[in-house]
Amino acid sequence: MSDEHRTPVSLKGLPANDPHLQPAARNPELVERVISVCFILGALFVAGFGACYWINAQPWKLGATLGGGLLFLGIGVVAWGKYLMPRGPFVEERHTLANSEADRQAFAAAIVERGADVVQRRKLLGGLLGGGMGIFGIVALFPLLRSLGPLPKTTLDHTDWRSGSYVVDQSGHRVQVGDYAIGSIATVFPEGTQNTDRGQAVDQTVLIRVSNEGFTTMKGRETWAPHGYVAYSKVCTHLGCPVGLYEQELQLLVCPCHQSMFNVTNGAVPQFGPAPRPLPQLPLYVDSAGYLRSQSDYREAVGPGFWERS
Amino acid sequence: MSDVINTKRAKKQALGPYGRIGQSLDELDDRLGLARGGRTFMDKIFPDHWSFMLGEIALYSFVILLVTGVFLTLYFVPSSAVVIYHGAYKPLDGQKMTQAFESTVNLSFAVRGGLLMRQMHHWACDIFVGAIVIHMARVFFTGAFRKPRELNWIVGSTLLILAILNGFLGYSLPDDLVSGTGIRIAYSIILSIPLVGTYLAFFLFGGNFPGTAIIPRFFILHCLILPLAIIGLVSAHLFLLVRQKHTQFPGSGRTEKNVVGSPMYPVFIAKTTGFLFIVGGITALLGAFAQVNPIWQFGPYDASRISYAVQPDWYMGFLDGALRIWPSWSFHSFGHNIPFEVLIPAVILPGLIFNLVFVWPLFERKFTKDNEIHHLLDRPSDRPKRTAAGVAVLTLLGMLFIASSTDVLAKFFDLSLNTVLVAMRYLTVIVPILAFPITYRICHEIQALHGGGRRKTPNVVTRSSEGEYSATPSPRYVDDVPSHLEPTPVPDYVHAEPDESDESGVRVVDR
């Protein structure tokens with residue numbers, strides 16, 4: 001046992017009538033009664049919570065009884081602490097955290113000198129250890145690169161639309177020329193992907209019939225919209241939300257996430273909002289049986305921007 | 001007979017003056033040496049000011065998050081496997097969905113108390129982040145981050161980032177239509193980072209969006225890794241708080257060398273425990289009466305579907321707003337694309353704001369050349385430049401938050417979306433810039449007010465026979481509680497009888 005345990009400990013005392021020890025409330029009896037009521041109500045509510053749980057009552061009853069119980073108990077305990085306990089104020093000394101100059105010197109010396117001593121005498125070992133740890137650091141990145149996911153390569157540049165893909169709607173029905181009236185809109189996919197995650201996320205395309213004859217949205221796209229069927233990628237070029245709203249009077253496609261608007265009749269050029277690029281257009285043709293099919297994949301990457309996009 | 005009495009008395013005496021509890025404490029001290037530190041801890045003083053309660057709200061909503069979160073993990077299935085729903089909620093019957101969505105609907109409708117727990121969890125998260133922000137504002141405006149507390153400011157700011165991140169991850173787990181869109185946007189934001197963006201996105205999501213890896217990965221992050229980090233940092237936050245002791249507002253008897261307030265035991269313990277119950281109670285009432293995130297109305301996620309007026313939780317609002325109003329500046333050249341329209345509002349802007357928050361204590365020290373240790377807090381009006389800067393940044397965030405509802409505003413005020421967007425672009429720049437000088441001016445005006453902000457004593461206004469008015473402080477009434485006492489150290493014991501002798505009550509105990 002060390003010596004300090006033998007030294008007498010002085011206890012600080014205050015007389016019972018010291019004003020610091022009096023409750024903060026002017027009328028402690030009244031406060032005590034109010035707190036008792038809170039505790040009784042709290043206990044009743046909590047018991048009610050148990051009962052509601054037992055009979056499998058509706059969620060709002062569970063929440064109301066649990067919340068009411070906790071609230072009453074909590075208000076009671078806080079009031080007890082605030083109004084009935086010694087009101088103080090009490091004080092505590094604040095000691096400086098900094099140690100004496102000698103202690104600091106000793107600490108710094110221990111770290112700097114001891115370390116320098118060891119390293120300076122064994123430079124080779126230090127270098128080898130450093131090299132080994134460095135290699136480990138690089139090697140430890142491997143699982144991150146190879147196991148967490150595949151390399152991007154050109155995945156983002158392509159969709160599943162191919163030359164001759166049948167255009168199908170969400171239920172897999174092949175779209176024929178006569179299927180839609182002017183002003184109609186549908187979400188379509190290359191046949192076979194309409195029920196896959198990738199199809200819904202990457203291949204999704206809006207098909208809009210804007211007229212009865214072939215329609216040219218832009219120079220160089222004269223054959224892309226046979227019988228007035230225009231198809232654009234449904235993946236917004238801003239952040240990839242599905243461009244799901246069609247304003248027929250103004251011929252605008254609107255993205256509900258950040259309100260980018262794309263002009264349907266003019267190559268889906270963004271007219272408004274934060275989207276930087278037009279929605280890529282899918283070149284279509286109508287085969288001899290009257291089915292809508294794609295001439296090829298999109299001519300550029302769909303969706304939002306990324307570093308490798310050319 | 002007398003033998004028995006003697007034995008009892010002897011037993012009691014052998015237990016010492018503090019009975020069985022005292023003896024147990026002795027046993028504990030023999031092994032752990034707790035007595036001295038324990039007494040200091042019981043005497044630890046907590047300053048009485050309402051604004052110190054804000055951090056407690058954050059702490060207790062985190063406790064509620066942990067409790068309700070453990071409940072939810074028992075029933076949630078973190079899987080992207082596709083199932084056909086045949087459960088209690090008939091409108092979704094026969095729909096294709098992931099197990100994550102199915103189990104969330106099931107735990108809401110088929111598990112007793114499940115819906116309440118889910119709603120409490122969501123509300124507690126909203127309260128958690130909100131309380132952190134308000135607590136930070138208090139710390140900032142009163143200068144509580146100054147030396148020696150810079151490190152704790154950084155720990156706290158990191159906690160805010162982790163809280164926002166974990167809130168987003170948790171919001172994403174049910175795989176409903178709205179949260180799935182949120183994940184899609186997050187994926188695109190990661191893609192926008194030059195050079196490494198595609199790699200980061202592919203490694204995080206295990207391939208191109210959506211893939212099947214993201215729900216289980218978010219689950220591990222949301223339920224294990226980030227909570228561990230948050231618990232660790234909260235512990236560090238509290239350890240630093242105890243080690244460095246509380247700050248306090250200046251006032252009678254309060255100096256740089258003391259702390260005035262209520263002791264840990266019993267006053268603070270009572271108040272804070274009660275407050276834990278109150279926070280829990282309010283969260284439960286919100287969970288009961290305020291519906292939040294009704295995912296069964298949104299339906300399961302399908303990347304080609306979307307609903308109108310898509311909005312994230314409130315703490316992501318500033319990001320969404322920035323993305324909405326930033327112009328469509330995109331860089332295309334040399335075979336590469338830098339999507340500035342996403343990179344600046346969603347990566348660089350929050351990066352700048354959080355870095356500004358992190359370095360502010362150092363910045364202010366450089367600027368004011370004030371290298372002293374501070375334990376007494378500033379009144380915000382006494383530091384007009386700091387206050388104005390803080391208000392300007394908060395105003396900027398507030399404007400971005402408002403900008404996240406451009407479509408709702410346009411509908412509500414019956415304006416064109418274009419008008420609202422252009423107006424928000426200008427206002428988001430102008431209002432924060434105006435906020436600085438206005439706040440600065442208001443601070444100076446408040447400084448000039450004599451005794452401004454302090455509690456007033458009642459005045460008696462009298463009119464003289466000449467019609468002149470004058471105000472004099474009212475006399476003290478007999479039943480007025482004396483307004484303040486000199487603070488005293490926490491006593492270890494109280495005399496049973498009022499002390500009448502001059503001797504101070506010092507008991508000498510031989511141990």
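Biologist: Which residues of α14(B) do B:L319, B:A322 and B:L323 in α13(B) meet?

Modeller: In this predicted model, two residues count as being in contact if their C-beta atoms, placed from the backbone, lie within 7 Å. On the side of α13(B) the residues concerned are B:L319, B:A322 and B:L323, and their partners in α14(B) are B:V342, B:P345, B:A346, B:L349 and B:P350.

Biologist: How many nonpolar, polar and charged residues does the contact of α13(B) with α14(B) have?

Modeller: The residues that meet include B:L323 from α13(B) and B:V342 from α14(B). Sorted by class, the contact of these two helices has no charged and no polar residues, and its nonpolar residues number eight.

Biologist: At what angle do the axes of α13(B) and α14(B) cross?

Modeller: Helix α13 of chain B covers residues 317–325 and helix α14 of chain B covers residues 340–368, and their axes come within 8 Å. The crossing of α13(B) and α14(B) is right-handed, and the angle between the axes is roughly 145°.

Biologist: Turning to the contact between the chains, which element gives the largest share of the side of chain A that touches chain B?

Modeller: The contact takes 83 residues from chain A and 100 residues from chain B. On the side of chain A, the elements that give two or more residues include β1 (9–11), α2 (59–84), β3 (90–93) and α5 (197–203). The largest share, 18 residues, comes from α2(A).

Biologist: Looking at chain B as a whole, what percentage of its 511 residues are buried?

Modeller: Chain B has 17 helices and 11 strands, and its C-alpha atoms fill a box of roughly 90 × 85 × 50 Å along the principal axes. A residue is buried if 20 or more other C-beta atoms lie within 10 Å of its own. By that criterion, the buried part of chain B is 38%.

Biologist: How many Å apart do the C-alpha centres of domain 1 and domain 2 of chain B lie?

Modeller: The domain assignment of chain B gives domain 1 as residues 2–33 and domain 2 as residues 49–308. Between the C-alpha centres of these two domains, the distance is 48 Å.

Conventions:
Residues are numbered from 1 along each chain as its sequence is written. Chains are lettered from A and ligands numbered from 1 in the order in which they are written. This is a predicted model: local features need pLDDT of at least 70, side-chain atom pairs count only at pLDDT 80 or more; totals for chains, interfaces and linings use all residues. Helices (H or I, at least four residues) and strands (E, at least two) are DSSP runs, numbered from the N terminus. A residue is buried if 20 or more other C-beta atoms lie within 10 Å of its own, exposed if 12 or fewer, and partly exposed in between; C-beta atoms are placed from the backbone. Axes are lines fitted to C-alpha atoms, for helices over the stretch in contact, and angles run from 0 to 180 degrees between N-to-C directions. A crossing is left-handed if the near helix is turned anticlockwise from the far one by less than a right angle, and right-handed if clockwise. Ala, Val, Leu, Ile, Met, Phe, Trp, Tyr, Cys and Pro count as nonpolar, Asp, Glu, Lys and Arg as charged, and the others, Gly among them, as polar. Domain bounds come from an automatic or database domain assignment.
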